[in-house]
2 protein chains.
Amino acid sequence: MPGKREQNREHNRLALIEAVLESVAEKGISETSVSEIIQRAGLSRGMIHLHFGGKDNLVHAAARHSSEEYYDGIEALLQTAGDTPQARIEMIVRGDLSERVLNRRNVSIWYAFRGEARNRTVIAEYSDTRDGRLRNMIHNAFLRVVKEAGCADGAAVARDATHGTLAMLEGMWTDYLLHPDRFDREEAMRIVFRFLAAMFPAHFALTGAIEAKEGRARAAAPT
Amino acid sequence: MPGKREQNREHNRLALIEAVLESVAEKGISETSVSEIIQRAGLSRGMIHLHFGGKDNLVHAAARHSSEEYYDGIEALLQTAGDTPQARIEMIVRGDLSERVLNRRNVSIWYAFRGEARNRTVIAEYSDTRDGRLRNMIHNAFLRVVKEAGCADGAAVARDATHGTLAMLEGMWTDYLLHPDRFDREEAMRIVFRFLAAMFPAHFALTGAIEAKEGRARAAAPT
DNA sequence: GATTTCGATGGACGATTGTCCATTTTTTAT
DNA sequence: ATAAAAAATGGACAATCGTCCATCGAAATC
């Protein structure tokens, strides 16, 4: 059975990365030690040095892995979206706030790494990559929107709308981090779209606003 | 010289807290050890146990201190603001994005603690305090705005505007964290006000938009 | 089936972690 | 000046950290 060696090797490599993410999500970075990692991965102490040359490299690989996972998810979602720019923007917003992407595990991991970003250049780059790719997708969509709307100074409007939308999404993630229990996805989406509808009335409607009447948001929050 | 004892005691207590913040800002939480702290404070090893009973309590006290400092800054600023709701909102936005509040040190500290928030309930509460107090100030202002504007369903609009504005400010902080060099305060403010102007045209004007023509934002960014 | 190859093991290692307390130093009270 | 009180010191301590390597076992090659 040739190739089994390399196949196993890759499998273990991935097991280490996922053990790191699991531990970071559950216990935080400061409690993610070598002992903790190898225990979760069910492997031996020396594996980290063998596969990654040290703990730091492993953590960086895990950060990269998590970042790529996020981006791939968004991109996959985008391919199922319609072709109008507003459909694409809507899809990104809904995707970024969906259970699949915005959940306790991912938020824990994301903010844990962010907390170290200032002091670990390598990690900051992955957050960066994400923003860069996502930013382009949204920016292109907004450019088409302002062109259709015929705004004066459309380029500036598109740029600001991109920046503002991304900033608001970031803020929603922070909300989730600090209040995972009372966070309400529908409410978060409605707010983003309320701002977009105010800015581009012809392109974004406040579809969800009426059915999600006053108060429903909090009442429906899980315990 | 009576009272000198207690005075000195309090001074050292504060020195420890500020040593923690300094270290967290500069080296990150994971490298903020007891040795690092006492070296920066110029005190002896036992002081941490004496004053706080352990390193964890000291770190928590530092988180609380930083949080209170932030809030006090915003509140002080607000007292110099005019009395119209839009003036108060503008003051909060400008304050939150001002050099005095949004700078490398504070951003590093804030996100470092956030990274541990999920696993340290005590720390999450301080991030919370900030949001809670700030949220009320903005919410009250928006309530007055929608009343003047006579919006239908004004309460919901005010709540969403509050949530959205805070989320966008959070996002701007993240921007600063990841790109402290190319971050542009004027651009950040303009974007927030562009959204607010779209939502409440009668109350918020895009004053800075024209003078800050295309491209100026990036060109003026510090090296 | 014998030999080679290489991923996997787990304990040894020095360094560093946070806690704690016997001791010293300084202020306060007598 | 002396005694009492309290704050500050800094080293001892066990526990844990991440790294590394001599050894082993299974897969690949002959």
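Between domain 1 of chain A and domain 2 of chain A, an area of about 610 Å² is buried, and carbon and sulfur atoms give 77% of it. On the side of domain 1 of chain A, the residues that lose the most area to domain 2 of chain A are A:Leu21, A:Ala25 and A:Ile29, which together make up 74% of what that side buries. The model is a predicted one, and the bounds of the two parts come from a domain assignment, which gives domain 1 as 1-53 and domain 2 as 66-219 of chain A.

Taken over C-alpha atoms, the centres of domain 1 of chain A and domain 2 of chain A are separated by 32 Å. In terms of contacts, 5 residues of domain 1 of chain A touch 7 residues of domain 2 of chain A. By class, the side of domain 1 of chain A that touches domain 2 of chain A consists of 4 nonpolar residues, no polar residues and 1 charged residue.

## Relation of the two chains

The same surface serves both copies, since 94% of the contact residues of chain B recur in chain A.

## Interface between chain B and chain A

About 4,400 Å² is buried between chain B and chain A, with 53% of that area on carbon and sulfur atoms. The contact involves 53 residues of chain B and 52 residues of chain A.

How many salt bridges are counted between chain B and chain A? The count is 6, and among the pairs that meet in this way are the side chains of B:Arg194 and A:Asp160, at 2.8 Å from N to O. The rule also finds 16 residue pairs in polar contact across the interface of chain B and chain A, with both residues at pLDDT 80 or more. On the side of chain B that touches chain A, the elements giving two or more residues are α1 (4-27), α6 (104-117), α7 (121-149), α8 (154-178) and α9 (185-199) of chain B. The largest share of that side, 19 residues, comes from α8(B). Divided by class, the residues of the side of chain B that touches chain A are 23 nonpolar, 13 polar and 17 charged.

Conventions. Residues are numbered from 1 along each chain as its sequence is written. Chains are lettered from A and ligands numbered from 1 in the order in which they are written. This is a predicted model: local features need pLDDT of at least 70, side-chain atom pairs count only at pLDDT 80 or more; totals for chains, interfaces and linings use all residues. Side-chain values use heavy atoms; hydrogens and water are left out. Contact means heavy atoms within 4.5 Å. Buried area is the accessible area (1.4 Å probe) that two parts lose on being put together, summed over both. A salt bridge is a side-chain nitrogen of Lys or Arg within 4 Å of a carboxyl oxygen of Asp or Glu. A polar contact is a pair of N or O atoms within 3.5 Å; within protein, one must be able to donate a hydrogen and the other to accept it, and residues adjacent in sequence count only if both atoms are side-chain atoms. Helices (H or I, at least four residues) and strands (E, at least two) are DSSP runs, numbered from the N terminus. Ala, Val, Leu, Ile, Met, Phe, Trp, Tyr, Cys and Pro count as nonpolar, Asp, Glu, Lys and Arg as charged, and the others, Gly among them, as polar. Domain bounds come from an automatic or database domain assignment.
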